[in-house]
Amino acid sequence: MGVTHFSPDTDAELLHQTLLSDGALIIDDLASTLPDGAAQLDMIRREMQPYIDATPVGGDRFTGKQTRRSGALIARSPASRPLVQHPTILDVTGKLLHKAQSYQLHLTQTIAIGPGSPAQSIHRDEWAFDFFEFPSDHHVQCNTIWAMTDFTEENGATRLIPGSQADPVDLGRSIDESVPAEMTKGSCLLYTGKVYHGGGANQSDDVRVGLNVTYNVGWLRQEENQYLSVPREIAEALDDDLLKLMGYRIGAYALGYIDDIRDPLQALRGDKVTTSQGFMST
């Protein structure tokens, strides 16, 4: 079973249903729908390249000893902000994570897999939450990888086991069970936090670069601390919708307020009005 491909104008409900059944899908050439089209990815690459060059490679096989993972995209790459808020992605994310009152940005990073890098071990991204076993029908995470270069089996395309999102927890899933998520530059891989996957082996002479943006429900801790990754002076200049997505909101009843039960967005904007404990920002 391979990864199903869709066109950029595919209905979000069909994408949602495919995520539920397969755990993953690819939207071909989704970057063409960004404000500056496919050139948006090149802009992000230019903004991020100095950080990628300065990022140390991973310290073990899982993080990749020939792989550089560079985060803080909201602060470092203004061109990434429309991509993080892409309406199709947010629509599908909202449908997948509908059991929570809100969802938020979980992490942003570029992943540059260098030549000679072996395949990453197969895993579930949900395991980041201290290996808590969420019910098989309860989704808490929706993930994307945007192809900033072509993704081929030879250069380390992400590998997945489609349909594995309902399987029991198994730390021994094999790369031999997986298929490559091959896609052209500008395409986007969507996958749930439950599907088994891993970075592929890069057997080419080129660096495979992907842009990993993930979202999780508002009552779970974010993998990337957005409040410190994005300095306050930058956060103050961002629009409210992006700030709420970053976590400047009440995540659920009484979760995430500051001092006298204030919404964090009010605090960032200098609003001194306190709110009731049950307040939910929208």
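Strand E10 (residues 208–217) and strand E4 (residues 103–113) run antiparallel, joined by 10 bridges. Strands here are DSSP runs of at least two residues, numbered from the N terminus, and two of them pair if DSSP finds at least two bridges between them. Within this pairing, Leu107 has Thr214 of E10 as its bridge partner. This is a predicted model, in which local features need pLDDT of at least 70, side-chain atom pairs count only at pLDDT 80 or more, and totals for chains, interfaces and linings use all residues. Residues are numbered from 1 along each chain as its sequence is written, and side-chain values use heavy atoms, with hydrogens and water left out.

E10 also pairs with strand E5 (residues 141–147), again antiparallel, through 7 bridges; here Val213 is the partner of Thr144. How many residues of E10 are buried? The count is 10 of 10, where buried means under 20% relative accessible area, exposed over 50%, and partly exposed in between (1.4 Å probe, protein chains only).

Now follow the chain to Gly193, in the loop between strands E8 (188–192) and E9 (197–198). Gly193 counts as buried because its relative accessible area is 0%. Leaving aside neighbours within four places in sequence, Gly193 is in contact (heavy atoms within 4.5 Å) with Arg124, Asp125, Glu126, Gln141 and Asn143.

For a contrast, turn to Leu171, in the loop between strands E6 (159–160) and E7 (179–180). Leu171 counts as exposed because its relative accessibility is 63%.

Definitions and conventions
Helices (H or I, at least four residues) and strands (E, at least two) are DSSP runs, numbered from the N terminus.
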